[in-house]
Amino acid sequence: MFLQVIARRLEQEAREKRIMVEAFVGFLATVAVFVSMEFVVFGIQDWMVLQGMTIHYPAIGLDSTLPLMPLLIWPYWAYYPFIGVAMWLPRDRRDIFRLLGGFLLMHLVGYVFFLSWPTAIVHPELLCQSVSCDMIGAIYLLDPGYGVFPSLHVADSIYLAMACFAFNFRWRW
C-alpha cells in the first residue's frame, strides 16, 4: 500500500514535469511565431509609410498634457516576464493548446487591425540621462511605434488574468 502511494506520487510528479517542459517548449514556439509575425507586420507598415499610405495617430488631448515619466518604463518592461507566467498555467496538453492558441488568435486579430487601419505613435523626445531613459531608448530602437491600436499589451495582460482564473491557477512552487 505504502509503495503504491509512493509510485503514484512519483508518476504524478513525472507527468507534471512533462507538462511543464511541453508548456515551456510551446511557449517558446509561440514567442518565436509572434516575433516573426511582428517583423512581417511592422515591415509591411514600414513599406506602407514609404508608399505614402495614411498612418493614423489616435492620440487624444490628454496625451499631449502628460509628461514622459522615465520611471514608468519599469512596469512596462515587467509586462514581458508577466507573460512568461503562462508557462505555469497549463495542467495538460489540451490546456497548453487552448492557452497558446488563444494568444495566437488574439495577436492575429490585432495584426489584421494593424494592417487594415495602421496606427502609430510619435515617440516623445528623450531629454534625460538615466538607466530608465536608456531603457526607453532601447524601446525606441526596437519598436518603430506602429500598432498602437488595439493594444496587444493590454489584451495579453487581460487574457492572462482571465486564464489564471479559468485554470484555477495557484503558484506551483
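Trainee: Which residues have the most contacts inside the largest nonpolar core?
Mentor: A nonpolar core is a set of buried Ala, Val, Leu, Ile, Met, Phe, Trp, Tyr and Cys residues joined through side-chain atoms within 4.5 Å. Buried means under 20% relative accessible area, exposed over 50%, and partly exposed in between (1.4 Å probe, protein chains only). The largest such core has 21 residues, and those with the most contacts inside it are Ile83, Leu89, Leu99, Phe103, Tyr111 and Phe114.

Trainee: Which elements give two or more residues to this core?
Mentor: Helices (H or I, at least four residues) and strands (E, at least two) are DSSP runs, numbered from the N terminus. By that naming, the elements giving two or more residues to this core are α1 (2–50), α3 (73–84), α4 (93–116) and α6 (152–166).

Trainee: Before we go on, what kind of model is this?
Mentor: This is a predicted model, where local features need pLDDT of at least 70, side-chain atom pairs count only at pLDDT 80 or more, and totals for chains, interfaces and linings use all residues. Residues are numbered from 1 along each chain as its sequence is written, and side-chain values use heavy atoms, with hydrogens and water left out.

Trainee: Leaving aside neighbours within four places in sequence, which residues is Ile83 in contact with?
Mentor: Contact means heavy atoms within 4.5 Å. Once the neighbours within four places in sequence are set aside, the partners of Ile83 are Phe27, Phe103, Asp156 and Leu160.

Trainee: How many helices and strands does the protein chain have, and what is its radius of gyration?
Mentor: The protein chain has six helices and zero strands. The radius is taken over C-alpha atoms, and the globule rule is 2.2 Å times the number of residues to the power 0.38. That rule gives 16 Å for 173 residues, so the chain is more spread out than a compact globule, with a radius of gyration of 21 Å.

Trainee: Which peptide bond is cis?
Mentor: Look at the loop between α5 (131–142) and α6, where Pro150 lies. With omega near -5°, the cis bond is the one from Phe149 to Pro150.

Trainee: Is Pro144 buried, partly exposed or exposed, and which residues is it in contact with beyond four places in sequence?
Mentor: Pro144 also lies in the loop between α5 and α6. Its relative accessibility is 39%, so Pro144 counts as partly exposed. Leaving aside neighbours within four places in sequence, Pro144 is in contact with Phe42 and His123.
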